[in-house]
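Please open the model in your viewer and keep the selection panel at hand. Each stop below names something to select and then describes what is there.

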Amino acid sequence: MAGLWFDELAVGQVFAHPIRRTVTETDNLLFSTLTHNPAQLHLDAEYMAGTEFGQVLVNSVFVLGLMVGVSVGDTTLGTAVANLGWDEVRFPRPVFVGDTLRIETEVLELRPSRSRPDQGIVTFAHRAFNQRGELVAQCRRTGLQRCRPVDGQA
């Protein structure tokens, strides 16, 4: 199993995820249309050429999903019970088609569940950086995570 059990996590632990991803025009186009977001910001290169950005902006919800998705293999794959919420979602710099994103995750808080003795609540900070090392996205994510099973109870 790739993910870690709740009791294998430590506050302050940082994961530099090895998977990096270059964002494509297809990523942005499909995500924007699949989610019914017709904003010119994401789909109209001619319109965006006349803006301060000069080019299409990648849909920020795609960036959020990619940032969290890349983290799953190292942190919660097979050990997560549920995602409880995202907080403090920020996009300090734009993401453009062709940017390559790398992700890091830090464990911020851990607490055993009061109602589920075999599970705990973990709060992660996820951060995405472009190929120039600029922070382009960040969020806090809280999830319910399984504890390591007692021997014989996998």
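Begin by selecting Val23, Met67, Val95 and Leu101, which are the residues with the most contacts inside the largest nonpolar core, a set of 16 residues. A nonpolar core here is a set of buried Ala, Val, Leu, Ile, Met, Phe, Trp, Tyr and Cys residues joined through side-chain atoms within 4.5 Å, and buried means under 20% relative accessible area, whereas exposed means over 50% and partly exposed lies in between, with a 1.4 Å probe and protein chains only. This is a predicted model, in which local features need pLDDT of at least 70 and side-chain atom pairs count only at pLDDT 80 or more, while totals for chains, interfaces and linings use all residues. Residues are numbered from 1 along each chain as its sequence is written, and side-chain values use heavy atoms, with hydrogens and water left out.

Now colour α4 (60-75), β4 (100-112) and β6 (135-146), each of which supplies at least two residues of this core; helices (H or I, at least four residues) and strands (E, at least two) are DSSP runs, numbered from the N terminus. The element that gives the most to this core is α4, with seven residues. Apart from this core lies another one, of six residues, and Phe15, Val107, Val122 and Phe124 are among them. In soluble globular proteins, nonpolar side chains tend to be buried together.

Return to Val95 and display its neighbours: leaving aside residues up to four places away in sequence, Val95 touches Val23, Val56, Leu57, Val58, Val63, Leu101 and Val136, where a contact means heavy atoms within 4.5 Å.

Select residues 25-34, which form helix α1, and pick out Asp27, Asn28 and Ser32, which are buried. Why do they lie on the same side of α1? They cover an arc of only 110 degrees around the axis, and that puts them on the same side; the arc is that of the directions from the helix axis to the C-beta atoms. An α-helix has 3.6 residues a turn, so residues three or four places apart point the same way. If you look for the cover over the buried residues of α1, it includes β2 (21-22), α2 (40-43) and α4, while the face turned away from the buried side carries the exposed residues Glu25 and Leu34.

Move on to His36, which is found in the loop between α1 and α2. Is His36 buried or exposed? It is exposed, with a relative accessible area of 71%, and its phi is near 60 degrees, a positive value in a residue other than glycine. For another such residue, select Glu88 in strand β3 (residues 80-90), which has a positive phi of about 50 degrees although it is not a glycine.

Select β5 (residues 119-129), a strand that is mostly covered, with 11 of its 11 residues buried. From β5, Gln119, Ile121, Thr123, Ala125, Arg127 and Phe129 point one way, and Gly120, Val122, Phe124, His126 and Ala128 point the other way. Zoom in on Gln119, which is buried with a relative accessible area of 9% and touches Val81, Pro112, Ser113, Leu144, Gln145, Arg146 and Cys147, not counting residues up to four places away in sequence.

Select Cys139, which is buried with a relative accessible area of 3%, and then Cys147, which is buried with a relative accessible area of 18%. How many disulfides are there? The count comes to zero, when a disulfide is taken as a pair of cysteine sulfur atoms within 2.5 Å.

Finally, show the whole protein, which has four helices and six strands in the order β-β-α-α-α-α-β-β-β-β from the N terminus on. Buried residues make up 38% of its 154 residues.
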